[in-house]
Structure formats: C-alpha cells, structure tokens
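Q: Can you walk me through this model? I'd like to go residue by residue where that helps.
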Amino acid sequence: MADPTKRVLLAAPRGYCAGVDRAVVTVEKALELYGAPVYVRKEIVHNKHVVTTLQKRGAIFVDETDEVPEGATVVFSAHGVAPVVHDEARALSLRTIDATCPLVTKVHREAVRFADADYDILLIGHEGHEEVVGTSGEAPDHIQLVDGPDDVAHVTVRDPDKVVWLSQTTLSVDETMETVRRLRERFPSLQDPPSDDICYATQNRQLAVKQMAADCDLMIVIGSRNSSNSVRLVEVALEHGSRAGHLVDYADEIDETWLEGVSTVGVTSGASVPEILVREVLEYLAARGYEDVAPVVAAEESIMFSLPTEIRRDLKAAGKSDKMRHDASFEAAGSLH
C-alpha cells in the first residue's frame, strides 16, 4: 500500500550514455557476427551487470593484449587505449574493433595536437583509471597527471606560457573547475581545451542530482564501484544537501535500515548502467511504500554515436543491421507516475 508520506525522485537523464550504448552494442554485434569467443581488453564499460551478461554470451575479458590468442578478435573498451596497445595488437595479427567513446577520442586528439606544438599538458584525472592511461599514452613526454585540487602544488612545467589543461571525461564538474582555478593561479597563461572535455552525460547526470539532492533524505546511485562517474554522483548528492547517499550495483544491496525515517528517496544511475537495474530498485522501493515516483528532468539527451567503422563494414557485408539500441531513460521518465 502506498504511503502518502513516502516518495521517490527519479533523475533524468540517468543511465546509459551514447558512448556506453555504442560500446556494449559493439560487443553484442561482434558476438553475433564472428561467434564466441570475442575478447575484450579491460571491462568494456565499468558495470558489473553488463560485464557478467556479456561473459555469459561468450565475451572473454582480459587485462592485457598479450592474453588474446594470435589472430583472434579483440574489442578495445570505451575508455580508450594508448597507441602502444594498437601496436601490440598488430604484432599478434589481431582483428581489432575500437569501441573507444568518440568523446574520449576527442581528448586523445587534443593531447596529440598540443604535444606536437610542444605544450606541457596537465591532464586532470584519477591515477590508474583506464581513460587516463590511454590519454597519457598519446604523449607521455608532454603529459603530467593532476589528481584533483590538492595535487596542483606539485605541478612543474617547462614554460608557464605554454601550458594547457585537459581532463578525464567522467570527473566531477565542480572539482575539476576548482582544480583549473588553482592551476590558473599558478599559471595565468593556462590554456583551456578547445571544447569541454567532461562529457555531456557526466554533466547532465550531475546536474539532475544537484537539483534533487536538497529534497532527498537518501540518494541511491546505481552503479559499480570502479565507475568514476557513478562514484562522483554519490559525492555530488552529499555535497548538495542529500542527508545520505549510497552506491549499489543491484537492488538487493540496499540495506533496509537506510530507509528508516526516510520520506524522500532520490534514485539515479551512472552512465554505464542499464535501465533494467533502475527498474529493479524502483520495484524494491515500491514494495516498501515508495510508490509515488516523480521525475526530475535536468536535460534532454538525443546524442547517438554510430558503431565503429570495422564492425559496420562487416555487418553490411553480412547483410545485418547496424542500428543502435538506445538505452537512454529520458523518454521513459515521465511515464513512471
């Protein structure tokens, strides 16, 4: 029975971004075209459910290129790879499909361009994240990592008049801007990237959480712990007024004690989370009296990316469709009353 004092605020947009959709469909189409196994270097996207589902269909996830048998098919993840990885794949005669998100590829190209112009490149991001490793590999002699505002004091450059900042695409917008502010205090001539590096989906999901947070006693973010953008959503919720916030992969990870004394629950999901996992959380909450669901719409998303060239070519030759599935949630948000 619905409790009139209990409600859910449901973020829109949430869940799959265009780059994740493209990467997941790429693996699905590769399995359809070439048959199992299809190898994937690193997790195709940072989501436990997606990885497990693809494994059941015949995808084999490896950490390094040399774990792929010679001549096999390998998909590079949405986070991108360094040029040396392409060289390793060629040496093993691998059939490669590059599922790097086009927005990450943009950052790679910026890194190459500024390195060619002999700039010091300050890459704002988290050490060890696959996207940072890939971008750094494009110009290792010119790039140094800046891991948040507190890292700025340790930065050294050759020429303070030839410095540019770039960033990992999945960071906290506010924290990144604070890092840039501190960098500019030290290096007044610091150049900005030609266009925003933090992706539209990351920004939109954070914006929705900012709009909801102050009205929420609890924010539940669906996403995996190795998903940078999902972790950021919990942080953003707490910074903007949510009394509590938790990250879960599945509804059964919700602790019922979190709901004690809670009237308003915010629900959102990271950019690599399929909508089915959101539905399961909503069902879990509805069973506990939270049946009133109100969407909080921060932006409308219509961006879609075409599949990688390699797989589109082979799909066409096989007479198969290269149409994308769009697992965005904006369209469905208003139907959940």
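This is a predicted model: local features need pLDDT of at least 70, side-chain atom pairs count only at pLDDT 80 or more; totals for chains, interfaces and linings use all residues.

Q: Where does Asp66 sit in the chain?
A: Asp66 is in the loop between β3 (59–62) and β4 (73–76).

Q: What kind of surface patch is Asp66 part of?
A: A negative one, formed by Asp63, Asp66, Glu67 and Glu88.

Q: And Thr73, is that one buried or exposed?
A: Thr73 is buried, because its relative accessible area is 7% and the cut-off for buried is under 20%. Thr73 belongs to strand β4.

Q: How far is Thr73 from Asp159?
A: Their C-alpha atoms are separated by 44 Å. Along the chain, Thr73 and Asp159 are 86 residues apart.

Q: New topic: the inside. How many residues does the largest nonpolar core have?
A: The largest nonpolar core has 34 residues. Val27, Ile44, Val45 and Val75 have the most contacts inside it.

Q: Which elements supply at least two residues of this core?
A: Among them are the helices α1 (18–34), α2 (48–57), α7 (200–213) and α10 (309–317). The strands β2 (38–41) and β3 also each supply at least two.

Q: Which one gives the largest share?
A: That is α1, with eight residues of this core.

Q: What about phi of Lys42?
A: Phi of Lys42 is near 65°, which is a positive value in a residue other than glycine. Lys42 is in the loop between β2 and α2.

Q: And what is phi for Asp118?
A: Asp118 is not a glycine either, and its phi is positive, about 65°. The loop that holds Asp118 lies between α4 (102–116) and β6 (120–124).

Q: Why does Asp118 count as partly exposed?
A: Because its relative accessibility is 38%, and partly exposed covers the range between under 20% for buried and over 50% for exposed.

Methods: Residues are numbered from 1 along each chain as its sequence is written. Side-chain values use heavy atoms; hydrogens and water are left out. Patches are made of residues with over 30% relative accessible area and no salt bridge: like charges are joined within 9 Å, nonpolar side chains (Val, Leu, Ile, Met, Phe, Trp, Tyr) within 5 Å. Accessible areas come from the Shrake-Rupley method with a 1.4 Å probe; for residues, only the protein chains shown count as cover. A salt bridge is a side-chain nitrogen of Lys or Arg within 4 Å of a carboxyl oxygen of Asp or Glu. Lys and Arg count as positive and Asp and Glu as negative; His and the chain ends are not counted. The place of a charge is taken as NZ of Lys, CZ of Arg, CG of Asp or CD of Glu. Helices (H or I, at least four residues) and strands (E, at least two) are DSSP runs, numbered from the N terminus. A nonpolar core is a set of buried Ala, Val, Leu, Ile, Met, Phe, Trp, Tyr and Cys residues joined through side-chain atoms within 4.5 Å. Buried means under 20% relative accessible area, exposed over 50%, partly exposed in between (1.4 Å probe, protein chains only).
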